[in-house]
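Reader: I would like to go through the terms used for this model and see what each rests on. Please set each value against its cut-off.

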Amino acid sequence: MTVDFLCLSVSVVDPFYTAASLHFENLFQSYGTPITILNLIKKREPQPRESKLLDEYTQCVEYLNQFLPHGKKMIYRAWDMSRAYKELAFVVSGPSYQLT
């Protein structure tokens with residue numbers, strides 16, 4: 001079985017992130033501030049696909065955060081789940097792992 005991946009291209013049509021701004025405003029109204037954003041997009045890939053989105057999403061949050069007061073800024077965390085799993089698997093199965 002083969003899996004074909006779509007090639008992603010990002011073209012900035014909205015330099016002011018209007019749609020994202022409305023989305024986050026809705027989240028602020030629903031859940032209050034600050035909100036925490038956990039970004040699970042892969043950071044490193046042999047062929048950049050998701051990582052293109054990571055850069056754009058990071059820029060979007062940074063741009064929007066500059067207009068929010070200090071106590072209400074979005075808390076942004078990018079975490080590559082795939083990489084963390086691989087690192088954990090290496091630690092657990094590595095040669096220095098011993099049960100005590």
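Reader: What makes strand 1 and strand 2 a pair, and do they run parallel or antiparallel?

Author: This is a predicted model, in which local features need pLDDT of at least 70, side-chain atom pairs count only at pLDDT 80 or more, and totals for chains, interfaces and linings use all residues. Residues are numbered from 1 along each chain as its sequence is written, and side-chain values use heavy atoms, with hydrogens and water left out. Two strands pair if DSSP finds at least two bridges between them. Strand 1 (residues 36-39) and strand 2 (residues 75-78) are joined by four bridges, and the two run parallel. Thr36, for one, has Ile75 of strand 2 as its bridge partner.

Reader: How many helices and strands does the protein have?

Author: Three helices and two strands, in the order α-β-α-β-α along the sequence. Helices (H or I, at least four residues) and strands (E, at least two) are DSSP runs, numbered from the N terminus.

Reader: What span does helix 1 have, and what is expected?

Author: The expected span is 1.5 Å times one less than the number of residues. Helix 1 (residues 18-31) has 14 residues and reaches 20 Å from first to last C-alpha, close to the expected 20 Å. Just after helix 1 comes Gly32, with a positive phi of about 85°.

Reader: What is phi of Tyr17, and what makes it worth a note?

Author: Phi of Tyr17 is near 55°, a positive value in a residue other than glycine. Most residues other than glycine have a negative phi, and most peptide bonds are trans. Tyr17 sits in the segment before helix 1.

Reader: Which peptide bond is cis?

Author: The one that joins Thr33 and Pro34, with omega about -5°. Pro34 is in the loop between helix 1 and strand 1.

Reader: Why is Tyr17 called buried, and Ser82 partly exposed?

Author: Buried means under 20% relative accessible area, exposed over 50%, and partly exposed in between (1.4 Å probe, protein chains only). Tyr17 has 16%, so it is buried. Ser82, in helix 3, has 28% and is therefore partly exposed. Ser21, in helix 1, has 29%, so Ser21 is also partly exposed. Of the 100 residues of the protein, 19% count as buried.

Reader: What makes a space a pocket and not a cavity?

Author: On a 1 Å grid over the protein atoms alone, a cavity is a set of points where a 1.4 Å probe fits but cannot get out; a pocket is an open set with protein on both sides within 12 Å along at least five of seven lines. The largest pocket has a volume of about 280 Å³, a volume being the space filled by probe spheres set on the points, which are joined across faces, edges and corners.

Reader: Which residues line the largest pocket?

Author: Lining residues have an atom within 4 Å of a point. There are 12, of which Lys42, Arg44, Glu45, Pro46 and Ser82 lie nearest the centre of the pocket. Helix 3 (residues 81-93) gives the most, with three residues.

Reader: What classes do the lining residues fall into?

Author: Two are nonpolar, two polar and eight charged. Ala, Val, Leu, Ile, Met, Phe, Trp, Tyr, Cys and Pro count as nonpolar, Asp, Glu, Lys and Arg as charged, and the others, Gly among them, as polar.
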